[in-house]
Amino acid sequence: MPKFLRIGVHQSNVSGYTSKAWCVRRTGSTIFLKWGAVEVQGTGAARKVYWSRLPQEKTIRCRTAQRAQDYAKAAIARRRSHRYEPLTGAIVLRRRPAARGPELKQALATILIVDIVGSTAKAAKLGDARWTKVMGHYYAAVRKELKTCGGKEVVTTGDGVLATFRKPAAAISCAAAIQKAVRTLGLEIRVGLHAGEYTISGGEMVGLAFHICTRVAAKARAGDVLVSSAVKELMTAQAAVSLKDHGMHRLKGVPERWRLWRVVG
């Protein structure tokens with residue numbers, strides 16, 4: 001099965017990062033697709049890639065072997081243009097050590113998601129070499145501000161970063177600092193924040209709060225910092241932070257409508 005790994009700034013010199021993988025296999029007139037989040041361990045020729053959770057799968061029946069072959073070639077060509085690199089070797093599901101007991105912990109945090117606006121067009125304009133350098137500076141700037149503001153990086157998602165904070169004011173301050181820092185790189189970002197509970201199970205963070213934050217960020221435009229009503233409620237005593245009503249929104253896959261607020265100033 002041909003496999004493709006999303007190219008990142010750490011593709012060959014850093015171990016222990018997260019990325020995305022996409023696989024395609026043709027059997028006769030049938031195409032089998034598989035994609036999802038992966039964890040990369042090791043560097044260079046010793047690099048190994050594991051599914052960090054069960055990947056998504058799809059089967060496509062093309063009637064004839066020729067159509068299936070054409071479909072696979074076109075799909076592979078599209079992935080290469082989206083900054084994926086061919087990957088050799090199998091991708092297996094990461095097996096975590098069995099827990100000694102039911103290790104479930106509840107935690108409350110303000111979740112922040114940063115995403116670059118128009119990254120694909122920007123990468124195409126700059127070319128792979130220059131874009132890789134820009135992304136290196138981008139991640140360095142984001143991580144510097146996270147450290148300064150007391151944020152904890154959870155995962156990188158392509159050109160995005162997800163982090164948690166104990167206090168919403170610190171998360172908003174961090175978002176503003178990141179915006180200012182990445183503008184010097186010629187980048188525009190959008191930021192979403194949500195406050196809620198998540199579960200720590202086997203060392204991993206899971207919960208609906210992360211999905212809600214992703215949907216909040218998706219509603220933001222370039223330069224926007226949007227927060228959910230949950231963050232707004234926690235900010236009632238913070239006079240230094242000005243929030244403007246951004247209206248009611250439906251968040252994909254999330255029940256009910258949500259009122260969002262935009263950070264002003």
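Student: At roughly what angle do the axes of helix H3 and helix H4 cross, and within what distance do they come?

Tutor: Two packed helices are described by the angle between their axes and the distance between the axes. The axes are lines fitted to C-alpha atoms, for helices over the stretch in contact, and angles run from 0 to 180 degrees between N-to-C directions. Here helix H3 (residues 128-149) and helix H4 (residues 168-183) have axes that cross at roughly 150° and come within 9 Å. This is a predicted model: local features need pLDDT of at least 70, side-chain atom pairs count only at pLDDT 80 or more, and totals for chains, interfaces and linings use all residues. Residues are numbered from 1 along each chain as its sequence is written, and side-chain values use heavy atoms, with hydrogens and water left out.

Student: Are H3 and H4 roughly parallel or roughly antiparallel to each other?

Tutor: Angles under 35 degrees count as roughly parallel, over 145 as roughly antiparallel, 65 to 115 as roughly perpendicular and the rest as oblique. H3 and H4 are therefore roughly antiparallel.

Student: Which residues make the contact?

Tutor: Contact means heavy atoms within 4.5 Å. On H3 the residues include Tyr 138, Ala 141 and Leu 146; on H4 they include Ala 170, Cys 174 and Ile 178. The residues of this contact divide into 11 nonpolar, 1 polar and 1 charged. In this count Ala, Val, Leu, Ile, Met, Phe, Trp, Tyr, Cys and Pro are nonpolar, Asp, Glu, Lys and Arg are charged, and the others, Gly among them, are polar.

Student: Is Gln 179 buried or exposed?

Tutor: Buried means under 20% relative accessible area, exposed over 50%, and partly exposed in between (1.4 Å probe, protein chains only). Gln 179 lies in helix H4 and counts as buried, at 11% relative accessibility. Leaving aside neighbours within four places in sequence, Gln 179 is in contact with Ile 189, Gly 223, Asp 224 and Val 225.

Student: Where is Ser 228 found?

Tutor: Ser 228 is in strand E13 (residues 225-228). Helices (H or I, at least four residues) and strands (E, at least two) are DSSP runs, numbered from the N terminus. Ser 228 is buried, with a relative accessible area of 0%. Beyond its neighbours within four places in sequence, its contacts include Leu 193, Val 216 and Trp 258.

Student: How many helices and strands does the chain have?

Tutor: There are 6 helices and 15 strands. Of the 265 residues, 40% count as buried.
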